[in-house]
Every structure is written in structure tokens, then in C-alpha cells.
Amino acid sequence: MTEEIKVMVEKGKKAQELYAISFDQEGVDKVVKAATKVVYDNAEELAKMAIEETKKGVYEHKVAKNRNKSKGVFMNLHKKKTMGIIDIDETTGLIQVAKPVGIVCSITPVTNPIVTPMANIAFALKTKNAVIVAPHPGAKKCSAYTVNLIKKAIAPFGVPEDLIQVIEEPSIEKTQELMSAVDVVIATGGMAMVKSAYSSGKPSFGVGAGNVQVLMDRHINYEEAAEKIITGRTFDNGLICSGEQCFIYPEENKEVVFNAFKNHGAYFVPAEYHDAMVNALFENGAIARDIVGQNVEVIAKKAGFEVPAGTRMLVVPAQGIGREDMICKEKMCPVMTCIPYTTFEEAVNIAKTNLAMEGSGHTIAVHSNNQANIIKAGTEVNVSRIIVNAPSSTTAGGTIQNGLSVTTTLGCGTWGNNSISENFTYKHLLNISRIARTSPYITVPTDEEIWKLC
């Protein structure tokens, strides 16, 4: 291990021990508020820095993301008890005591270089843990600036300086060393990094690949649905893993559906440019880096055609499902594909086929007024989140209104090779001690009574 990482871990350990004994719940909550609000207050500056450094995404969308994620994370953590006795079971008397895990490694991606460190720092602060941020090299300046801005905001509360640290000059080697030296790893980023985290020998929380399938039911307002889907797909130029990728629509309503998308800024790529689009989007089966987070004009130019003024999103109709057409993979830019269906059962099967190729366990979106069909999709498709009648990209990571924990790390369960099938949040950074005693008030049934149970 390099001296740099060794020293950071040692400093983090001392700071965490001091923080754990020096702050009560009220004090911790004030620190968390300051840490999240500073990103809200500096949303424009941080968005500008991220755009300038990464050359990806949309400034206005990053401003909105900084504001919405910071206030959402704070609201989600507000009044949550995270230390001492957090629960007593009235029936058994079982007592649960929350304790910190220690030092957290937060690996943050180039696609979300501001809100990811902010969220993970807030989760660590809330649970009395230390955190060391390992930014993506392509976003090291804006990520480090964000971390140091947070440190400055919480310093007046007496928080130990080394409780939060950041690798100023990150590298793959340093990140790997850090992962093996901490107590738990949060890996938000590409699949290679997530796999490396799982191989670090330390407990890790990773994310799975996204490839959000959108099921459009019959008897809905297609104009409203199209606007929500396009809004989700185009947010931050498609950088978010929960962004819509393929809309699956009733075949008999093709004209109405397509017109609705056109009315809201979608451009349907002519069939003769299908292969050119696939080649522009993918290289050796993987997403081409030069189109990630770019606008429609850049992508169309690479594929060899121009788009009308006002185009928000490109649609490339699929020529097959799943592995039959690479366009059905995740596309980290404002491009979607689409596939028709005859029955809702077929729509569900199309979604499952595409997810089996990529994105299993992540998210689907359903636009429907039919509760039975919504439940059918949620029951039959193996994903961790089913977003209903809303833009997936901006709500799957949690909102104040939908009940999902506000986060930037979306677990995909064993379907996506992850340890959790929910949104990562503060509770995943707690160890719980359980105090158990035999209760004289609980009658133990006889063996005969037990085996009669069903």
C-alpha cells in the first residue's frame, strides 16, 4: 500500500473514533444538513465545473440535479435515528443498537461527480462513519472541490478535519488500494469498477447496468406519456443509469404513439441509418465513449445525417429484440429504441428479453391506468424498481414523493450481481447489535401444535 493511502486510512480511523464519541443525534443531524445544503446553495457553480471538466451532460439539468438530490437526501435523512437504541420489539423485547461500520470508501463516477460524493458523505456523516472519496480521474477537480466545500461547511460544528477525505490525484491503483484498506466500499460507476470492488475482499455495495424498458399501455394519454419519457431520456443528455432506453407500444396505436413523440421533439431515424446509428453508438459491443452525454446533433453527425432544429431525442426503431439488435442495449445519450406489441403479456416478455441481455435487476417504467397491468409488470419482471407514470431517470433514484430512498447508488439485487435490491442509503452503513432475552410472556407451542401449522 502506498504511503498516501495508508496515511489517509489512519487519519480517517482516528477522526471517526473522535466523531463517534463527540456527537449526539441532534449534532449529527445539524452536520448532515450543512453538508447537503452547501451543494444546494452552490448548485450553479458546481454544475458549471462539472460540465467544463467532463464535457458531458447539460448545465441546466446538472443544476437541477444538484438541488433536487441535495434537498432530497436531507429530507430522506431528516429525523431518522441512527445511533444508540433504534428499536425495541414489543412482543419479544428484542433491542436493536445501531453502530458505525468505520471507514467508507466512496468510488464516484464521471457521470455524477457532484451529487454522488455529496450523497455518500451525507450517509456516512449520518451514521458516524468516516469517508474517503475516490473520484473518477476525469472528474477529479469538480469532485474534490465539492468534497472540500462540504468539509468547509461542516467545520464550524467541530467535525474532525480528516473525517472526510478525497484522493486529489486519483488512479485505478490508488482506488484499489483504498478499497482493500477500508471497512466498506460504495462503488458507483462502470461494471469494471463494481467488479473490482466486489473483489477487494471488503463488503461492497455496487450497482448494476441500466437498460430501462418502458411499457406503454393502451388507453393512456400518449401525449403526456411521450413528454415524460422524453424528459427522462434527455435529462443530462442521458447520463443517468435509470434513464429510459426502449419504449414498447401497442402496435395498433403506432401512428398515434409516434406522432405524440414527434410532437414533443423526438426524431425517428430512417431505417437506412439504423446500422450507422448502431456503429456510432457502440464499439466492440460496448458504448462508444465519445457519444456518452452528448447532444443529438453530435450523435447524428457521427452517424452521417442531420436532424431538424428543435430535436430533443433520437429514436431508432429496433429490428429485433434482445441480442437480435444491439440497439436494445443501454445507450448513455439521448437515444431510444422502440418495439411494438400485440398483447400486454408480449410487452412484458419483450422487456424481459431486453433486460436479459443487459440491465437485469435495475428498473422498468410503466405508463398505464390499469392497476392489474402495473402489478403484472412489477410481478413478472425481475427489477428492483418499477416507476409508474413518471420520468424514470429523475425518480428511480428516489424523490420526496415516491417513497424510494433518495440516492445515487441503485442496487439491482442478485439479478444484477448486487448485494441489495433497493436504493442504497444510510441504513446500509450501520452495524446493528441485537440484545435478545428469553421472554416469559411468549408461550412455546407443543411439537404437535407446531407441525399442524401451515
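This is a predicted model: local features need pLDDT of at least 70, side-chain atom pairs count only at pLDDT 80 or more; totals for chains, interfaces and linings use all residues.
I take a salt bridge to be a side-chain nitrogen of Lys or Arg within 4 Å of a carboxyl oxygen of Asp or Glu. Residues are numbered from 1 along each chain as its sequence is written, and side-chain values use heavy atoms, with hydrogens and water left out.

**Entry: salt bridges**

I looked up the total: the structure holds 18 salt bridges. I went to helix α14 for one of them. Glu 380 bridges to Lys 376, with 2.7 Å between the closest N and O atoms. Both residues sit in α14 (residues 371–380), four residues apart, about one turn of the helix. I use DSSP runs here: helices are H or I with at least four residues, strands are E with at least two, and both are numbered from the N terminus.

Next I checked exposure. I call a residue buried under 20% relative accessible area, exposed over 50%, and partly exposed in between (1.4 Å probe, protein chains only). Glu 380 is partly exposed at 27% relative accessibility. Lys 376 is also partly exposed, at 22%.

I then noted a network. Lys 62, Lys 65 and Asp 236 are joined by salt bridges that share partners.

Lys 13 and Glu 17 meet through their side chains at 3.4 Å, N to O. They are about one helical turn apart because they lie four residues from each other in α1 (residues 3–22). Lys 13 is partly exposed at 49% relative accessible area, and Glu 17 is partly exposed at 40%.

Four residues separate them in α2 (residues 25–41), so they are about one helical turn apart. Lys 30 counts as partly exposed at 44%. Glu 26 counts as exposed at 52%.

**Entry: aromatic pairs**

I pair rings of Phe, Tyr and Trp (its six-membered ring) if their centres lie within 6.5 Å; planes under 30 degrees apart are stacked, over 60 edge-to-face, and the rest tilted. I counted 11 aromatic pairs in the structure. Phe 123 and Phe 424 make an edge-to-face pair, 5.9 Å centre to centre with 65° between the planes. This pair links distant parts of the chain, 301 residues apart: Phe 123 is in helix α5 (residues 115–126), and Phe 424 is in the loop between α15 (392–395) and β17 (430–435). Phe 123 is buried at 0% relative accessible area. Phe 424 is buried at 0% too.

Which other ring did I find paired with Phe 424? Phe 205 pairs with Phe 424 in a tilted arrangement, 5.1 Å centre to centre and 55° between the planes. This pair also links distant parts of the chain, 219 residues apart, with Phe 205 in strand β7 (residues 204–206). Phe 205 is buried, as is Phe 424.

I also found a cluster. Ring pairs link Phe 247, Tyr 249, Phe 258, Phe 261 and Phe 268.

**Entry: cysteines**

I looked for disulfides, meaning pairs of cysteine sulfur atoms within 2.5 Å. The count is zero. Cys 328 is in no disulfide, and its nearest cysteine sulfur, that of Cys 246, is 5.7 Å away. Cys 328 is buried, at 1% relative accessible area. Cys 412 is in no disulfide either; the nearest cysteine sulfur belongs to Cys 241, 7.2 Å away. Cys 412 is buried, at 0%.

**Entry: Ile 240**

Where does Ile 240 sit? I placed Ile 240 in the loop between α9 (222–234) and β9 (244–250). Ile 240 is buried, with 13% relative accessible area. I set contact at heavy atoms within 4.5 Å. Apart from neighbours within four places in sequence, Ile 240 is in contact with Lys 65, Arg 233, Phe 235 and Ser 393. The C-alpha atoms of Ile 240 and Thr 394 are 8.3 Å apart, though 154 residues separate them along the chain.
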